[in-house]
Amino acid sequence: MTGGALAILFLFPLLWSGYASVRTGSGFGLENYDRLFSSDNGIRLHHVVNSFTVSALTVGGTLIVSTLGGYAFGRFRFPGRDALFLITLAILMVPYATILIALYVLLGWLGLQDSLIGLSLVLTMFQLPFSLFMMRNSFEAVPRELEESAQVDGCNSFSTLLRIMLPAVRPGLITVGLFAFLASWNEFFAPLILLNSTDKFTTTLAVVNMRTASHGSIDYAALEAGVVFMAVPCLLLFAFMQRSYVRGFASGALKG
């Protein structure tokens with residue numbers, strides 16, 4: 001009963017957005033979506049490409065770093081391991097909005113200011129504490145007998161990671177990748193601060209930037225269409241990966 005009430009509570013805004021996106025003055029139709037893609041300040045193909053580029057780079061960077069870091073934290077013992085892991089988790093206590101200006105200056109020093117690569121690096125950094133936590137616990141949940149058997153067969157640490165450990169922690173990888181995609185695809189504040197050129201704007205910025213030419217008023221119906229358009233990839237990914245997503249939380253986040 002409680003689960004059903006919570007589902008309705010969380011789904012209601014999305015359902016309302018879907019209803020409002022097809023609601024027109026004369027009934028129902030796709031006129032709002034037409035304005036969303038045909039308006040001068042609406043969504044263009046390059047906005048969608050930018051969003052997918054940033055999301056792909058963020059997911060790739062997050063998976064690579066969190067997998068290697070989680071493997072090291074979960075399967076090896078070295079001086080300062082626990083302290084370093086706690087310091088990494090402590091980043092969660094720092095509101096990322098407070099360091100965006102410093103990151104903007106740092107990206108300028110690196111020559112990555114106003115670039116999709118620079119934005120992806122920042123978003124990857126924001127994802128690492130949670131991702132490292134998930135992957136460390138996922139690796140710790142794997143029986144050590146598997147690793148020992150691989151070593152007996154002549155595998156080194158890297159070969160063991162590729163051939164034995166990665167298939168075993170696949171649910172954790174999917175969970176981390178899904179979280180990284182959702183965070184980067186829906187992120188608004190970081191692109192707003194770090195991107196200056198309109199041709200570099202992501203879909204979120206394009207949707208928020210959409211205004212009518214009449215006294216700067218907002219076309220709320222078209223914005224609702226934009227919300228639904230942005231939600232579709234997230235819903236599809238979650239629908240296809242739901243089983244692995246739940247298994248990732250059950251086997252990784254609750255162990256260790």
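This is a predicted model: local features need pLDDT of at least 70, side-chain atom pairs count only at pLDDT 80 or more; totals for chains, interfaces and linings use all residues.

Colleague: What makes threonine 62 count as buried?

Modeller: The cut-off for buried is under 20% relative accessible area. Threonine 62 has 0% relative accessibility, so it counts as buried. This residue lies in helix α3.

Colleague: Which residues does threonine 62 touch, leaving out those up to four places away in sequence?

Modeller: Threonine 62 touches Thr67, Thr124, Gln127, Leu128, Ser131, Val176 and Ala180. To be called a contact, heavy atoms have to be within 4.5 Å.

Colleague: And why does aspartate 114 count as buried?

Modeller: Its relative accessibility is 15%. Buried means under 20%, so aspartate 114 is buried by that cut-off. You'll find aspartate 114 in the loop between α5 (100-110) and α6.

Colleague: What is there to say about phi of aspartate 114?

Modeller: Phi is near 55 degrees there, a positive value in a residue other than glycine. Most residues other than glycine have a negative phi.

Colleague: Fine. How many helices and strands does the chain have?

Modeller: The chain has 12 helices and 2 strands. Along the sequence, the pattern reads α-β-β-α-α-α-α-α-α-α-α-α-α-α.

Colleague: What share of the contacts with a separation of 6 or more comes from residues 24 or more positions apart?

Modeller: That share is 78%.

Colleague: Now the largest nonpolar core. What makes a set of residues a nonpolar core?

Modeller: The residues must be buried, belong to the nonpolar kinds that qualify, such as Leu, Ile or Phe, and be joined through side-chain atoms within 4.5 Å. The largest such core has 17 residues, and those with the most contacts inside it are Leu36, Ile43, Phe181, Trp185, Val207 and Met210. Elements giving two or more residues to this core are α2 (31-38), α3 (45-75), α9, α11 (203-208) and α12. The most comes from α12, with 6 residues.

Colleague: Which residues is isoleucine 43 in contact with, leaving aside neighbours within four places in sequence?

Modeller: Isoleucine 43 is in contact with Leu36, Phe37, Val48, Thr203, Ala206, Val207 and Phe229. There is also a second, separate core of 14 residues, which includes Val54, Leu103, Phe126 and Leu194. As a general point, nonpolar side chains tend to be buried together in soluble globular proteins.

Colleague: On to pockets. How do you know what class of residue lines the largest pocket?

Modeller: Look at the names: Phe10, Leu11, Leu14, Ala231, Cys234 and Leu235 line the largest pocket. Phe, Leu, Ala and Cys count as nonpolar, so the lining divides into 6 nonpolar, no polar and no charged residues. The elements giving two or more residues to that lining are α1 (2-22) and α12 (220-253). The volume of the largest pocket is about 280 Å³.

Colleague: And what lines the second largest pocket?

Modeller: There are 13 lining residues, and the closest to the centre of the second largest pocket are Leu92, Val94, Tyr96, Phe126 and Gln127. The elements that give two or more residues to this lining are α6 (116-140) and α9 (170-186). By class, the lining has 9 nonpolar, 3 polar and 1 charged residues. About 200 Å³ of space lies in the second largest pocket.

Terms used. Residues are numbered from 1 along each chain as its sequence is written. Side-chain values use heavy atoms; hydrogens and water are left out. Helices (H or I, at least four residues) and strands (E, at least two) are DSSP runs, numbered from the N terminus. On a 1 Å grid over the protein atoms alone, a cavity is a set of points where a 1.4 Å probe fits but cannot get out, and a pocket is an open set with protein on both sides within 12 Å along at least five of seven lines; lining residues have an atom within 4 Å of a point. Grid points are joined across faces, edges and corners, and a volume is the space filled by probe spheres set on the points. Buried means under 20% relative accessible area, exposed over 50%, partly exposed in between (1.4 Å probe, protein chains only).
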